[in-house]
Amino acid sequence: MAAHPHVVNATARQRLAAKVIDAAPVLLTGAALLGSGRWVPAAASVAVAYCVWLWWWEAGSGKTPGNLALGIRTTDEAGHPPGLLGIFLRGMLLGLSAATVVGPPVLLVSNVWDANDRRQGWHDKAAHTLVVDVRAGRNPLATGGLRPAAPADGAGWIPG
């Protein structure tokens, strides 16, 4: 059970650490294949397959390996699965930010400067997504969204 009955936004540290964990399989596979002489085709195939799988999984469930490890989930602004377009847009913005060396880390922690108390990063605002801490608060993906409907009898409902 969550420590708090309300939805709690994920911190910049959690979000950044989750992305590092999510990137680790591609980086480790690339490093292993680099010495084998089959670097480009094999690494590209593995990276593309992993990224498509990750995109699909996060879009439908809000989960990634990093999100699971850090106890966070990605949702749309209503607290439901973010969908293919939302995750694609977030990923494209992170990829485009890589044109500068500091782009991805700055984008990933841009939620620190969010004035609307939702801790949305710039990529989250563009994609209409949120990242929530399900260890510290309620998991909106498992409880009907940010504002779940009250049961007919009103029993057991905690407003979000």
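Let's start with Trp-122, which is partly exposed, with a relative accessible area of 47%. Here, buried means under 20% relative accessible area, exposed means over 50%, and partly exposed is in between (1.4 Å probe, protein chains only). This is a predicted model, so local features need pLDDT of at least 70, side-chain atom pairs count only at pLDDT 80 or more, and totals for chains, interfaces and linings use all residues. Residues are numbered from 1 along each chain as its sequence is written, and side-chain values use heavy atoms, with hydrogens and water left out.

Trp-122 sits in helix α6. Helices (H or I, at least four residues) and strands (E, at least two) are DSSP runs, numbered from the N terminus. Trp-122 also belongs to a nonpolar surface patch, together with Val-101, Val-102, Val-106, Val-112 and Trp-113, and the patch has about 680 Å² of accessible area. Patches are built from residues with over 30% relative accessible area and no salt bridge; like charges are joined within 9 Å, and nonpolar side chains (Val, Leu, Ile, Met, Phe, Trp, Tyr) within 5 Å. The areas come from the Shrake-Rupley method with a 1.4 Å probe, and for residues only the protein chains shown count as cover.

Now step back to the whole chain. It has 6 helices and 2 strands, and from the N terminus on they run α-α-α-β-α-α-α-β. Of the 160 residues, 36% are buried. The accessible surface comes to about 8800 Å², and 70% of that belongs to carbon and sulfur atoms. Then there are the contacts, meaning heavy atoms within 4.5 Å. Among contacts with a separation of 6 or more, 65% are between residues 24 or more positions apart.

Next, the inside. In soluble globular proteins, nonpolar side chains tend to be buried together. A nonpolar core is a set of buried Ala, Val, Leu, Ile, Met, Phe, Trp, Tyr and Cys residues joined through side-chain atoms within 4.5 Å. The largest one here has 5 residues: Ala-10, Ala-18, Leu-70, Ile-72 and Val-131. Leaving aside neighbours within four places in sequence, Ile-72 is in contact with residues including Ala-10, Ala-18 and Val-131, as well as Arg-15.

Side chains of opposite charge can pair when their charged atoms come close. A salt bridge is a side-chain nitrogen of Lys or Arg within 4 Å of a carboxyl oxygen of Asp or Glu, and the count here comes to 3. Asp-124 pairs with Arg-15, with the closest N and O atoms 2.2 Å apart. This pair links distant parts of the chain, 109 residues apart: Asp-124 in helix α6 (residues 122–127) and Arg-15 in helix α1 (residues 12–34). Both Asp-124 and Arg-15 are buried.

Asp-124 also forms a salt bridge with Arg-90, at 2.8 Å between the closest N and O atoms. Arg-90 lies in helix α4 and Asp-124 in helix α6, so the pair ties together parts that are 34 residues apart in sequence. Arg-90 in turn bridges to Glu-58, with the closest N and O atoms 3.5 Å apart. Glu-58 lies in helix α2 (residues 39–61) and Arg-90 in helix α4 (residues 83–97), so this pair joins parts 32 residues apart in sequence. Put together, Arg-15, Glu-58, Arg-90 and Asp-124 are linked in a network of salt bridges.

One last stop is His-128, in the loop between α6 and β2 (129–133). Most residues other than glycine have a negative phi. The phi of His-128, however, is near 60°, a positive value.
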